[in-house]
Structure formats: C-alpha cells, structure tokens
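Biologist: I am new to this structure, so please take a close, careful look at the charged side-chain pairs for me.

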Amino acid sequence: MAATGVTKVDRSLAMVTEALGAWDWLVIAPVALPLLGAAALLLIRKRIAWHAPASIAIMLLMLAADVGLLIRVWNEGPVHMAMGSWLPPFGIIFAVDTLGAVFATITAFIGLVCAVYATAEIDTTEYRYGYFTFYLLMLAGVTGAFLTGDVFNLYVWFEVLLISSFGLLALGSNPIQLDGTFKYAILNLVATTLFLITVGLIYGIAGTLNMADLAIKARSGDLGAPVMSFGVLLTFAFLMKAAAFPLNAWLPASYHVTRSASSALFAALLTKVGVYALLRTLVLVFPELGETFAPVLLIVANSTMIAGALGLLASNDIRRMVGWAVISGIGVILVGLGLGEAAALSGAIAYAIHSMVVMAGLYLLAGAMSWLAGTDSLFKMGGLAVHSPALLLCGLGIVLATAGLPPFSGLWPKAILVEAALSKAAYVTVGIILVNGLLTTIALGRMFAFGFWRAAQMERSELAPFPLLSKSRIVPVATIAIVSLAGGLYPEPWLAASRQAAAGLLDAATYINAVLPEG
Amino acid sequence: MIALVALAVPFVAAVLAPLLGRFLSRWLAIVLSLFPLVLFLFWLRLVPFFTGGERESIGVPWIPSFGVEFSVLLDGLSLTFALLVSGIGTLIVLFAGAYLKGDERLPRFLCYLFLFMGAMQGLVLADDLIMLFVFWELTSISSFLLIGFERERMASRRAAIQALVVTGLGGLSLLAGFLLIRYASGASSMSELLAMENGLRDLPVYLACFILVLGGAFTKSAQFPFHFWLPNAMEAPTPVSAYLHSATMVKAGVYLLMRLQPAMGDTILWETVLPVFGAITLLVGTILGLRQTDLKLVLAYTTVASLGLLVMLTGFGTEGAIAGAVLYLVAHSLFKGGLFMVAGGIDHEAGSRDLRQLSGLRHGMPLTFAIALLCALSMGGLPPFVGFLAKEELYYGLVGDDAWSMALLAVAVIGNGLMLALGFIVGLRPFLGKDMKAPKKAHEGPLDLWIGPAVLAVCGLGAGILYRFFHEMISIPMASAIAGQPVPVEISPIPHLSIAFYLTLLTIALGVGIYLLQDSLRAGVDRTLTALGWGPDRGFDQAIAGLTTVSHRITYFFQNGRLDIYMTTVFCALAFTVLFSLSFFAETPALPEWPALAIHEWTILLIIVVGIGTVIMAHNRLTAIVSLGIQGFGVAVLFMLQGAPDLSFTQFMVETLSVVILALVMTRIPLAKTDHRSNPEKLVDGGIAILCGIGIGALLLSVTQTPFDGRLSEFYEQFSRTIAHGRNIVNVIIVDFRGLDTLGEIAVVMVAGLAVLGLIRIRRPRIEDIATPTGDRS
C-alpha cells in the first residue's frame with residue numbers, strides 16, 4: 001500500500017482483520033461447492049459418464065458442510081462470514097442461523113436423493129446439454145438464498161435458482177415442456193422483478209442492504225417513507241414465489257412437464273425459498289410488518305389450503321396432482337406466519353421441513369408410478385401392486401405422510417399448528433387445516449387405489465410389458481418414505497430444531513449482535 | 001414398563017409375517033398366533049391387580065417439545081379391552097390361517113392384521129391423548145388395507161376408501177377435540193382428565209369438545225348417520241369382519257365414550273345426545289339387518305345395532321345402564337366374533353353365504369351348528385349365557401318411571417327382539433330344513449377353522465355360569481372405571497321374577513315372532529327401502545362426485561391454461577394490494593412541485609411519451625420495437641442531463657442491443673400479425689397497467705421524498721481507492737465490495753446461455769419418455 005504512495009489507512013475501519021479459521025469456511029462452502037462443481041462440469045461437458053458421480057460427490061460434500069454448519073450454529077448461535085472481508089453492513093455477508101442451516105441441510109439431502117433418481121431418467125442429450133450443471137447451480141442458488149444475510153444478494157440467488165430451474169424445465173424441448181417453461185419463466189420473472197424493485201426502494205429509504213442492519217433500522221422507527229407499502233410489495237413478491245393463492249398459477253402449469261427428478265427438486269425447494277424469504281423478512285427483519293399483515297396472511301393461507309386441496313381433487317394426472325399438493329402444503333406453512341407466535345412459527349418451520357422432504361418424495365413416487373404404468377392419467381393407471389410391491393409400500397408411506405396421517409411426519413407439525421390456531425381462537429383456520437387433510441386423504445387414497453390396487457387398465461402387448469423398477473428409482477423413493485417414517489415415529493429432534501429456528505427468528509437481538517456486534 | 005414393550009409386540013409380528021411366510025408356509029399362522037397369545041396371558045396376569053378400581057399410568061417422554069408422552073393407562077376398562085383384542089386376536093389369526101390356507105397372500109394378510117391388532121391394542125391402552133389419537137388413526141389406516149385386501153374388486157376398493165374417508169373425517173374431528181381439550185383444560189392425558197375434580201364439564205368450550213369427540217366416536221362406531229361404511233366393509237375377508245366388527249375397530253368409539261364418561265358425562269347434553277343417536281342406530285341397524293340375505297351383512301347390521309345399544313347405555317349413564325353396557329360389550333364381542341367366524345366357515349365349506357341358498361347344514365356341519373347355536377343363544381339373551389346377564393342388567397338399568405326411560409326401554413326391547421331374531425337367522429336357519437343344492441358339498445372344516453368360534457362360544461357360556469368370578473374380574477372393575485366410582489354388579493343367570501325378567505320374556509316372544517315372519521318382513525323392508533331409493537351410502541357417492549365436480553369447476557376457473565389470464569390475475573392483485581395499502585396505511589406521497597425544466601428537457605420527456613404511445617398503438621411489430629428503443633434512448637439522455645454519464649452510457653448500450661436482438665428475433669417468429677384483443681379487453685388491460693404504474697410510481701415518488709442515508713456511499717468513496725485500489729467506485733462495487741453478487745450474475749448469464757443452447761439444439765421430442773405429460777389444462 002505504501003508503494004502506491006497513498007496515505008496509510010486504518011484497514012480495521014473497513015475490513016475484518018482477524019484471519020479466518022478453517023471452520024469458518026463452512027459458511028460459504030455449501031454455496032461454493034456447487035458453483036465450482038457446475039463450472040467443472042462445463043469443462044468436462046463431453047465426458048457425460050462423469051457427470052452424475054461427480055455431482056453426487058459434490059452434493060455429499062455439500063451435505064457434510066451443511067451438517068457441520070448446522071452443528072456449529074446449534075452450539076454457538078448465528079455465525080457469519082464477510083465476503084471480501086468488507087465489514088458489514090458495507091460488504092455482503094453470509095449470516096447463518098438455525099433456520100438457514102436446517103433448510104440448507106435439507107436442500108443438500110433432497111438434492112442428493114433426486115440426483116440418484118435423475119440418473120435413471122435422463123438421457124445422453126440431457127447430460128450433454130448440462131442437466132447437472134443446471135442442477136448444481138440451482139442448489140447453489142437455493143443454498144445461497146438460505147445462507148445470505150444481505151437482501152440484494154438474496155435477490156441474486158433468486159435469479160440464479162430461477163434461471164437454472166428454467167434450464168432444467170426446458171431441457172428436452174418438447175412442445176408441452178416449452179409451454180410450461182414459458183408460463184413458469186414469465187410469471188416468475190414478474191415476481192423476481194417485483195422483489196428487485198422493492199429491494200431498490202428499501203435501499204432508497206434505509207441506505208443499507210444488510211439484513212441485520214435493516215432489522216436495526218426497522219426497530220429504530222426512523223424509516224420515514226411508506227414502509228408498510230414496501231412491505232406489502234415485498235410480501236406480494238415472496239407469496240408469488242411461494243405459489244400462494246391466487247398467485248399460484250405458474251406452479252401447476254409447469255412443474256409436471258419435465259423429468260420427475262427435476263419436478264421433485266422444484267417441489268422441495270423453489271416454493272420453500274419464497275416461504276423462507278417471508279419468514280426471514282416478516283419475522284426477523286420487519287416484525288412490525290409481519291404483525292400488521294398477519295390477518296391477511298391468514299386469509300391467504302386459508303385460501304391457499306382450499307385451492308390446493310380442490311386442485312388435488314380435480315386433477316386426474318398424477319404428476320399434476322403433486323403440484324397441487326405442494327400448494328396446499330404452502331397454505332399450511334403460511335398458517336404459521338399468519339398466527340405469528342413462537343409455537344405457530346415452529347409448526348410452520350417443521351411443516352416446511354416435512355414438506356420439502358415429502359413433496360420431493362411424492363413427485364418421485366408419481367414419476368415411478370407413471371413410468372411403470374406408462375401413463376400419467378389416473379384413469380388409465382392400474383396394476384402396480386402386482387408389479388412392484390416395494391413401490392406400493394413406499395407409496396403408501398408417502399401418501400400417508402402427505403395426508404398428515406400417523407405414523408408419518410405430516411401429523412406433528414399440523415397438530416402443532418392446529419393447537420396454535422386454537423390458542424388464537426382462529427377456528428376457521430383449524431377447520432380448514434383439518435378439511436384440507438381430509439380432502440388430501442380422499443384424493444391420494446383414490447390415487448393409491450387406482451394406481452396400485454386396481455387391475456391394469458391398459459392392454460399391454462408382449463412387446464411392452466411392465467418394465468422393472470431399477471434400484472436408482474426405488475431407492476430414492478424408499479429413502480424418503482423411511483425418513484418420513486422416522487420423523488413420524490421419533491419427531492423430537494426435528495421438532496426441537498424447528499423450535500430453535502423459530503426462537504432464533506423471534507430473537508432478533510442475538511442475530512443482530514452476532515452480525516453487527518457494535519451495531 | 002413391560003406394558004410399554006407389549007404395545008410393540010403386534011408390530012413385531014407384523015414385520016415377521018412377510019419375512020417368515022416363505023419358511024413356515026402352513027405353520028405361519030399357528031406360530032404367529034403365539035404373539036397375541038402371550039399378550040393375552042400378560043394382560044390376564046395383570047387383571048387381579050386392578051379388580052378394586054385401581055388405576056395406573058406408566059409412561060416415558062416421547063415428544064417433549066409438544067408435550068406428548070408414550071404412556072399406558074391400566075384399569076378395569078383398558079384391561080378388558082386389551083384382553084378382548086389379544087384374546088380374540090389369537091383366535092382370529094388361527095382362523096385366518098385356515099381360511100386363507102394355501103393362499104400366497106396369507107403373509108401379507110397377517111401383516112395387515114397384526115398392524116391392526118397393534119393399533120387397536122395401543123388405542124385402548126394409551127393414556128396420552130395424542131398417543132391415543134395416533135393409534136386411532138392407525139386403526140383406520142390398517143383397516144383401510146384390510147378392507148381393500150381383495151384389491152382388484154371394485155366394491156372392495158370403494159368400501160376401503162369409504163371407510164378411510166368416514167373414519168378419517170372422525171379422526172380429524174377427534175384430533176381437533178383432543179387438542180382443544182389439551183389447550184382448554186391443560187390436561188394432556190386420560191389419567192389427568194380423570195383426576196380432575198369436575199372433568200371437562202365446566203369448560204366454556206365443553207360443547208365444542210363434546211361435538212368434536214363425538215364426531216370421532218360416532219364415525220368409528222358407525223352410529224347413524226355414519227353407519228353405512230360398516231356393512232360395506234364386509235367386502236373384507238371374513239377373518240377381518242370377525243375381528244374388526246366384533247370386538248375391536250368399531251368398539252373404539254364406544255371405548256372412547258366409556259373412557260370419557262367420568263370426565264364428560266353426567267351433563268344434559270351427554271345424556272340426551274348419546275341415547276338418542278344410540279337408539280336410532282339400534283333401530284336402523286336391526287331393521288336394515290332384517291332386509292339382508294347375506295349372512296355377513298345380517299351380522300354387520302346387528303353390529304351396527306349393538307353399537308347403538310352400547311352408545312345408548314353409556315349415554316344413559318346410570319350405574320345399571322353402565323353395568324349393562326359392560327356386560328353387553330363383552331357378550332357381543334364373544335358371540336359376534338363367533339358368529340362371524342361361523343359365517344366364514346359356512347362360506348368356506350359350503351361355498352355360499354346367501355340365506356336363500358343355505359339349508360340343512362346340520363348334517364354336514366354338526367359341530368359348526370352347535371357353535372352357531374351357542375352364539376345365537378347368547379345373542380338372543382337366553383340363560384345361562386352371558387348375553388342373558390347383559391340383557392337383564394341393561395333392562396334393570398333402563399327401568400324408570402319417567403317417559404324418557406320408558407321410551408328408551410321400549411327401543412331396547414324392540415331392538416333386542418329384532419336382534420334375537422337376526423341371531424337365529426344366522427345361527428339356526430342355515431342348519432335347518434332339507435339338504436340344499438349348495439355350490440359345494442358341505443362338510444365340517446378342519447380344526448383351526450372351528451376352534452376359534454368354539455372357544456368364543458364356550459367363553460360366552462362360561463362367563464354366564466361362572467358369573468361371580470366374571471363379575472369380580474371383569475364386570476365390576478370395568479363398570480367402575482367407566483362410572484368413575486365403584487359399581488356393584490350382581491346379576492346372575494338364574495331367572496327370577498322381576499320386571500327385567502318379564503321384559504326378557506317379551507323380548508323372546510317378539511324375537512320368535514319376527515323369526516317366524518322373517519320372509520314377509522324382509523320383503524316389506526325391502527320394498528320400503530327400494531321405494532325410498534336414497535340412503536347415506538348413495539349420499540356418500542353423491543357427495544364425493546359433487547366434491548370432485550365442484551373442485552374441477554373452481555380449479556379450472558383459475559387454472560385455465562392461459563398465460564394472459566394468469567398475468568391479468570397477478571397484475572390485478574398487484575394493483576389492488578399496492579393501491580390499497582397506500583391508502584390503508586395512509587402512505588400516499590405528497591404531490592411533488594411542478595418541475596422547473598428547461599425546454600430541451602421537456603422535449604426529451606415528450607419524445608419518451610410519444611415513444612411509449614407508439615409502442616402501444618403500433619400495428620407493426622418492427623415499429624413497436626423501434627419506438628421502444630426511442631423511449632429508452634430518451635431515458636438515457638435524461639440520465640446524462642442529470643449528471644450520470646456512466647449510467648447513461650450503459651442505458652444506451654442496453655437499448656441498442658435490445659432493439660437489435662428484438663428486431664432480429666421477433667420479426668422471425670411466426671406470431672399473429674396484429675393484436676388479437678378486442679377493444680374492451682385492451683381497455684381493461686390498459687386500466688390494470690395504469691393502476692400498477694400509479695402504484696409503483698407512488699412508491700418510487702415517496703422514496704425520493706425521503707432523505708437518503710448515504711452511509712454506504714461514503715464508505716465506498718472513502719475506501720475504494722485506498723484499500724480496493726480503484727478510482728471508479730461503480731467498478732469497485734461490482735468487482736470488490738459486492739463481488740459475490742457479480743459472481744452470481746455471471747453464473748446467471750452462463751446458465752442462460754446454456755439453456756438457450758439446449759433450446760436451439762435439442763429439437764426432437766422425447767418419444768422414449770413414455771409418460772407424455774398433459775398440458776396445463778387437463
């Protein structure tokens with residue numbers, strides 16, 4: 001520095017000066033790994049045999065890093081890392097609390113499970129045109145969104161995951177795919193653009209993009225401008241990303257058009273990013289907004305649950321059914337935000353975790369069913385019980401989990417939310433949660449009975465008998481069924497994590513102190 | 001603690017069944033029946049410790065975050081049920097082994113049966129409310145699997161789904177009820193509820209709790225108008241019917257009511273609603289039963305009737321009524337389990353269950369005849385069977401001098417008379433008369449096919465004869481647990497002159513009369529119901545069909561496959577929310593002063609407006625694109641005039657590129673040449689666009705009216721040269737201060753390129769992807 005002849009500056013005013021410990025890199029590793037992996041896959045684009053093993057290896061590393069991060073956050077509270085060492089709030093930081101770490105861990109886990117399924121599904125063309133590049137970048141985008149502590153950076157990760165999911169949707173180029181992709185892309189761009197506009201507006205009034213700093217400003221009450229209306233716009237954008245009614249049209253229009261592994265990944269992650277952003281902004285950063293909007297959010301939650309359940313009943317295409325199941329799950333999660341206190345939030349987070357795992361499983365199940373039966377149509381399906389008793393077993397588990405029936409994981413968060421709703425005298429919501437469960441049971445019970453129990457409906461020629469379900473199709477489905485069963489039989493660890501995540505959101509002081517000690 | 005382990009035993013058997021199936025083949029059922037037998041002996045050994053009305057709760061924490069324990073409640077009530085579940089379960093497993101002998105599906109069947117047994121055992125022993133609910137739902141799920149066992153038959157699938165939906169509805173109601181009880185009373189287990197001074201009666205939400213709990217109990221125990229699923233569930237193989245519909249599944253609702261009687265009973269509501277629904281169910285069940293000709297269906301409807309009787313007695317609530325309910329519950333489990341197995345045996349050996357085809361079976365199946373007769377005598381309430389004890393006791397319990405008691409007593413007498421007749425229709429009629437031309441030549445089945453019903457029949461006789469011992473061990477502890485106080489039970493099988501005895505005689509006379517007139521009565525009931533033409537069973541189908549139609553209408557109203565409508569929805573919602581919130585929170589910005597602009601600035605503004613106007617009005621796509629460019633260049637010039645040359649330069653580049661690319665691409669895509677929208681549509685779209693513009697514009701305006709916090713800019717100015725070594729602050733922000741954003745954006749550009757590459761190069765539709773997805777509207 002002296003060499004340039006510039007007057008000496010005190011670096012500690014601008015930068016983090018203490019050296020990073022080896023474990024501190026865990027904060028960025030879950031994002032850096034898939035980013036680097038995606039770049040590496042581009043370099044070996046032609047060697048398609050390496051793509052799947054390399055990606056799976058990267059996801060294993062991601063999972064390890066996420067678990068390490070989770071353990072650290074669990075023990076030490078929120079941790080952060082300043083990108084380029086620029087002091088917050090001036091540079092970008094990654095700030096990880098229990099919520100972010102848990103969601104990131106599930107992301108890597110689901111990524112892994114769906115990737116195994118994908119190896120059974122995708123063809124050489126898809127390998128060559130970068131299936132796993134898109135895949136890894138989507139994971140990078142989702143994980144980045146969960147870990148970042150900066151609002152504009154959050155927007156960047158939204159864009160990364162949007163464009164890579166767009167790649168996954170369109171890959172294959174058949175007309176129905178393109179129709180779905182087009183609707184998905186246009187509507188999601190609208191949502192993302194609204195988010196960007198709001199980020200700009202917020203920067204205009206707060207002069208900062210750091211979430212902790214924003215949280216301080218929001219609490220100090222000197223944000224003169226129309227904070228409420230900005231919050232409305234922000235909530236609108238996130239609700240659209242989360243596919244809440246009536247902004248949900250993009251989801252049933254698009255999710256089912258691509259490979260089941262991709263659909264499963266989308267179902268697990270994309271809408272949950274919207275939910276995560278809502279939790280982060282409305283509870284941690286702008287609690288006043290969250291409290292003010294709660295009644296409206298509850299109405300949105302109720303109507304989303306109804307819309308999801310009705311869509312589920314109305315569909316006869318099993319992969320489209322799953323899209324509606326995702327939407328109805330989003331409604332259940334939003335109940336937690338609409339009720340707002342600790343128990344309800346922990347129920348919402350627990351339901352989100354359950355939904356990430358089980359919705360992926362439901363898509364994989366639907367994919368395996370339609371692949372076996374040779375059709376997506378519930379009317380034409382049948383005979384699967386005879387051809388794959390193993391799939392029937394997994395299918396039963398995942399169906400029960402989705403319907404919120406014991407001994408699977410769906411029951412517990414729903415029970416927590418119902419109890420929270422009772423304590424707030426939100427009886428309409430209680431009724432809708434329960435009716436939603438019943439309608440889901442009817443629709444999925446029908447799917448189960450038609451698909452598995454009924455005799456095969458289509459004449460199968462000697463030339464095209466039922467294919468055999470390969471291990472890479474059945475193992476992912478079974479994994480999810482088992483995880484959901486374990487979560488149902490012994491839910492304590494998972495519910496305790498959700499409680500801690502909710503407590504972390506409500507305890508903004510700890511988060512702020514961890515990121516901006518002198519703030 | 002061993003009691004907690006005992007809950008897991010049936011589930012272990014359920015896992016073992018398919019695993020051992022291959023090795024044990026025909027010994028499978030016999031080996032596996034040891035599991036429930038051990039359980040039976042285990043519970044039996046505990047009985048003497050609970051004869052004095054003791055109650056014990058044992059538990060370990062399960063889900064501390066949600067306040068749920070894994071705990072069992074032991075007292076006279078739960079132990080009696082546990083004995084019925086495990087005892088009859090043992091016999092059913094043996095019976096199932098014989099019934100499905102040589103059937104490759106036997107291991108799977110036993111697996112489901114053990115799942116059910118475990119669920120039922122857990123249900124009757126659970127202390128924690130949520131744990132009870134979990135087992136409650138497990139019985140619904142496992143019975144779904146059992147009822148749908150003959151899965152390729154449509155009737156079977158329909159019955160399974162119907163049972164799942166009806167009991168699932170009840171389950172959700174029960175969940176809400178339990179959560180409400182937990183929240184309102186603070187008690188999370190049965191033992192805590194029972195220990196409360198006044199139970200739930202004083203809670204302000206008592207009515208809600210009552211309705212919700214009843215919703216669960218009535219659907220499970222098939223009370224009118226939810227009775228229809230039970231007869232349909234006869235689609236299941238006979239061992240299932242014998243088990244689920246005698247002692248277990250359908251008694252779960254009765255168990256729940258009995259369990260909650262001390263905490264929720266003794267209110268006008270309880271003592272009115274329960275007897276009324278119970279009485280209606282009793283009459284409906286018996287009358288509908290009279291119409292049937294299938295042995296299993298006759299029994300199914302008498303089960304409905306018996307459940308009605310039990311609910312009626314539980315609700316009536318006097319000590320005598322409760323003692324009667326206890327005796328009747330045990331008696332019913334024994335004779336109904338036996339009769340169902342007899343019906344199964346007849347079906348198995350004679351090849352038919354139809355009354356019109358069966359006669360003279362006493363020759364081929366004398367042993368079965370004897371068993372059936374013993375069960376029918378108990379069902380008819382004749383001495384010295386346990387059924388007689390039950391009937392005498394319940395008449396004693398119901399007798400009173402008010403109209404209410406009289407009415408219920410009359411219903412009980414009529415119902416019992418009808419049930420006596422129905423009992424003999426199953427237990428006597430197929431065996432009498434001349435030899436029939438049945439599908440199969442009837443002969444006695446193997447030992448394991450009749451041992452089950454024989455044991456139950458003998459138990460029914462034994463309990464009647466050894467009545468003192470029976471009362472001491474079973475009736476008194478159980479009745480005391482239900483009543484919440486010691487209840488003496490002394491009824492003996494020796495007839496003595498009393499009001500109850502006269503009523504018994506009346507019942508018998510009535511029953512015999514109905515038995516003799518059965519054919520004409522059957523025809524009469526049949527005609528009436530055919531004329532009526534509608535019942536809850538058809539109502540169920542109509543409800544499901546209606547639900548599907550309505551969902552279809554609503555869903556595809558919104559999800560209509562048209563992107564333009566989705567966009568309209570989104571922007572309508574956007575305009576509404578933004579404008580609404582601006583006015584609701586009173587956040588509309590102040591109108592700015594009229595800007596004092598120079599003439600060239602006005603000119604540029606005018607050019608921009610004209611540009612936008614041309615884009616909207618243009619008939620030709622190329623014109624529109626160029627006009628869009630004009631508008632963009634105008635904005636760029638504005639930036640320059642306002643002192644932001646770098647921004648302006650970027651804007652020029654972007655606009656130029658956009659115009660070139662758009663012109664290249666848009667003119668080559670075969671799109672409609674002109675706007676297809678009608679003028680009103682254009683007006684609406686324009687209106688929405690203007691509203692959105694006003695909303696966002698207002699937000700932007702209000703930001704400009706707020707003082708800007710320039711902390712970040714100052715920081716960047718201060719350090720961009722000194723530490724980051726760059727003079728252009730924007731550049732330093734992009735590559736250093738916020739370099740990670742740039743990394744993300746680079747990734748976005750790369751992925752976009754890759755996606756476009758795929759779109760351009762991959763042209764073939766995926767034929768090998770056999771599952772052709774349907775479009776957005778299906």
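Modeller: Asp564(B) counts as partly exposed, at 36% relative accessibility, where partly exposed lies between buried (under 20% relative accessible area) and exposed (over 50%), with a 1.4 Å probe and protein chains only. This is a predicted model, in which local features need pLDDT of at least 70, side-chain atom pairs count only at pLDDT 80 or more and totals for chains, interfaces and linings use all residues, while side-chain values use heavy atoms, without hydrogens and water. Residues are numbered from 1 along each chain as its sequence is written, and chains are lettered from A and ligands numbered from 1 in the order in which they are written.

Asp564(B) pairs with Arg562(B) in a salt bridge whose closest N and O atoms are 2.8 Å apart, a salt bridge being a side-chain nitrogen of Lys or Arg within 4 Å of a carboxyl oxygen of Asp or Glu. Arg562(B) is also partly exposed, at 41%. Elsewhere, salt bridges with shared partners join Asp103(B), Arg105(B), Glu150(B), Arg153(B) and Glu235(B) into one network.

Over all chains, the count is 28 salt bridges. One of them, between Arg72(A) and Asp24(A) at 3.0 Å from N to O, links parts of the chain 48 residues apart, with Arg72(A) in helix H2 of chain A and Asp24(A) in the segment before helix H1; helices here are DSSP runs (H or I, at least four residues), numbered from the N terminus. Arg72(A) is buried at 17%, whereas Asp24(A), at 22%, is partly exposed.

How values were computed. Helix = DSSP H or I, 4+ residues; strand = E, 2+ residues; numbered from the N terminus.
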